[in-house]
Structures are given as structure tokens and as C-alpha cells.
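Thanks for coming. I will show one structure and go through two parts of it.

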Amino acid sequence: MNPLIKLENVSYKYPDTDDFENNFALNDFSLDVNEGEFVALLGHNGSGKSTAAKLINMILTADSGKIYIDGKNIVDEKITENDIYEVRKNVGMVFQNPDNQIVATVVEEDVAFGPENLGIQPKEIRRRVDEALDIVGMREYVRHAPHRLSGGQKQRIAIAGIIAMKPRCIIFDESTAMLDPLGRKEVMNTILHLNKEEKITIILITHYMNEAVLADKVVVMKNGSKYLEGTPNEVFSKPEKLWEAGLEVPQSVELIHALNKELNLEIPLGVYDFDTCAELIKEKIGNK
Ligand code: ADP
Ligand code: MG
């Protein structure tokens with residue numbers, strides 16, 4: 001099966017940047033995202049995550065390389081307005097700041113905005129708005145004013161607006177970064193639901209390692225290129241490499257790494273819950 005999204009040796013330089021070789025925002029970057037997959041995209045500020053997202057969503061156009069969306073290469077001079085429409089319909093994006101994504105004064109109008117732009121019939125729009133609000137757990141707020149909601153609720157409204165367009169993939173570009181812990185949890189639960197129950201492919205750009213460990217695949221970027229790729233366990237079992245790229249590691253990895261070093265315990269590094277951590281430590285040092 002072809003990946004739903006495939007980037008092949010993609011490079012991109014912003015037009016207004018100097019002509020130095022190291023000024024590529026994206027440098028020979030490749031990425032496969034399969035249908036139904038949940039991919040976490042990590043990397044230090046400026047590593048190229050948002051640029052990759054904007055190239056996939058056709059907000060930007062790559063200088064070189066290929067980007068296949070459902071088998072069609074979108075880095076092609078012959079691309080039409082209709083191709084762009086199809087890509088935007090299939091790949092939705094949720095951004096960082098919930099306030100910048102609210103377009104209407106009533107929740108239901110806000111959620112209806114996307115499908116209206118797609119030319120969907122009013123009756124079908126109403127059905128989709130209700131369904132989308134159910135999925136994000138915000139149905140009771142259908143007639144509320146979005147600006148009076150909490151940050152997490154606003155993000156869920158923004159997500160509902162994307163779901164109402166029935167995309168196959170949603171890219172979340174640090175969509176939890178401006179939220180408090182409760183809002184972050186609400187949005188992460190919604191993202192997991194979209195992936196597991198609604199079978200929507202997810203690309204999650206995040207700085208939170210406890211979010212990244214929930215993904216099927218973790219891709220770490222550095223200076224516009226791919227730096228590490230694997231399951232959360234594979235990637236987070238190399239804490240030195242992550243620290244080198246200016247990233248954190250999950251708490252269980254940091255704890256076991258420190259214990260191994262201090263006490264020569266040789267516990268395999270991995271993403272564990274705290275009970276498993278405790279068990280592994282107990283096995284090594286006994287019941288003291
Ligand atoms: P990330 O999302 O990982 O923080 P970005 O994709 O936003 O990284 O940025 C990648 C590189 O491109 C950085 O060096 C950044 O400074 C540069 N960049 C991003 N946006 C612009 C822009 N609009 N104009 C010029 N350079 C940009
Ligand atoms: Mg970014």
C-alpha cells in the first residue's frame with residue numbers, strides 16, 4: 001500500500017533568506033505517513049517542522065524533491081487549483097493559537113465555515129457540524145460564543161471545523177502549546193479518539209514527550225533534515241542523541257538512564273509507566 005503522504009528528498013528555502021547553503025529550512029527531507037498512522041514530529045525550534053507541514057498542505061511549494069499526497073506528486077508545475085482544493089480537503093491543519101482560528105461569533109457557524117467553503121449542501125453541513133461537535137465533546141456549546149470558551153475548548157472547536165470537512169489526515173502544529181494542562185489533556189484525548197476511532201491519520205508536531213510517546217512512529221528533525229526515526233521506544237532509548245538535538249526525553253527514560261549510570265543497573269531504556277519503572281528497579285536492587 002502506498003503511504004497517504006510521502007515526502008521524497010524535499011528541500012525548501014524561504015525566498016527572503018540569504019543565499020548560504022545552511023539557510024535551507026528543509027534540506028533533503030523524506031517522510032512516509034501511512035493511512036491510519038499516528039506520527040509525532042519532533043525537533044528543536046527552527047528545525048523545519050512547520051515548514052514541512054506547510055509544504056504538505058500546499059501553503060508553500062517545495063524547491064526540489066517530491067511530495068505525494070494519496071499517490072499524486074504535488075511538487076509539479078502542472079498542479080491545478082482543483083488539485084490544491086483536493087489536498088486541503090484531505091489534509092487539514094490545526095495551528096498553535098486557538099484565537100487565530102476562530103472565524104465566527106457562534107460555535108456552529110464557526111464549525112460550518114470549512115464545509116461551506118467546500119460547497120456542501122446546508123442540510124449535510126448541519127449534520128456534519130453536529131457530528132463533529134459530538135466527536136470533540138462540544139455539542140452542548142453549539143450556540144455559544146467561541147471567544148468565551150477556554151483555550152482547550154476553542155482548540156476542540158477548531159478541530160471540529162476541520163473534522164466537518166472530512167479530511168483523511170490532520171496535522172496538529174503545536175496545537176497544545178498554548179493550553180493549560182487540562183486543555184492539553186482534552187485536546188490529546190480528542191486527537192487519540194480521531195486516530196483510534198475515526199481512523200484519521202495524524203501528524204502531531206509537539207514539544208511534549210508524553211504526547212509523542214503515544215504515537216506509532218516518532219520522527220525527529222534537526223536543521224531541516226531527518227535526525228532519528230522509529231517507534232517511541234526505539235527513538236527514546238537513545239537519550240544522548242535526543243539531548244544532542246536539544247530535546248527532552250520521557251521521564252522514565254531519564255530516570256532509568258540516571259540509575260543505570262549511578263548504580264550500574266543495566267536496565268533496558270524505554271518508555272515505561274511508573275509502575276513498570278518501579279518493577280524493573282526492584283528486580284535489579286531487590287526489596288530494600
Ligand atoms: P519549526 O517549526 O521546527 O520551529 P520552521 O519550519 O518554522 O521550524 O523553521 C525552519 C527554518 O526556516 C528556521 O531557520 C526559520 O528561521 C526559517 N523560517 C521559518 N519561517 C520563515 C519565514 N517566513 N521567512 C524566512 N525564514 C523562515
Ligand atoms: Mg513551528
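How far does a polar side-chain atom of Lys49 lie from an oxygen atom of ligand 1? The distance is 2.7 Å, which falls under polar contacts, meaning pairs of N or O atoms within 3.5 Å.

Before going on, the conventions. This is a predicted model, where local features need pLDDT of at least 70 and side-chain atom pairs count only at pLDDT 80 or more, while totals for chains, interfaces and linings use all residues. Residues are numbered from 1 along each chain as its sequence is written, chains are lettered from A and ligands numbered from 1 in the order written, and side-chain values use heavy atoms, without hydrogens and water.

Back to the ligand. The backbone takes part too: a backbone N or O atom of Ser47 is 3.2 Å from an oxygen atom of ligand 1, and for a polar backbone atom of Gly48 the distance to a ligand oxygen is 3.0 Å. On its own, ligand 1 has 560 Å² of accessible area, and the protein covers 60% of that (Shrake-Rupley method, 1.4 Å probe). The residues surrounding ligand 1, each with a heavy atom within 4 Å, include Tyr14, Asp16, His44 and Thr51.

Second part: the helices, which are DSSP runs of H or I with at least four residues, numbered from the N terminus. Helix 5, residues 151–163, packs against helix 6, residues 181–196, at about 20 degrees, with the axes 8 Å apart. That makes the two helices roughly parallel, the word for angles under 35 degrees.

How values were computed:
A polar contact is a pair of N or O atoms within 3.5 Å; within protein, one must be able to donate a hydrogen and the other to accept it, and residues adjacent in sequence count only if both atoms are side-chain atoms. Axes are lines fitted to C-alpha atoms, for helices over the stretch in contact, and angles run from 0 to 180 degrees between N-to-C directions. Angles under 35 degrees count as roughly parallel, over 145 as roughly antiparallel, 65 to 115 as roughly perpendicular and the rest as oblique.
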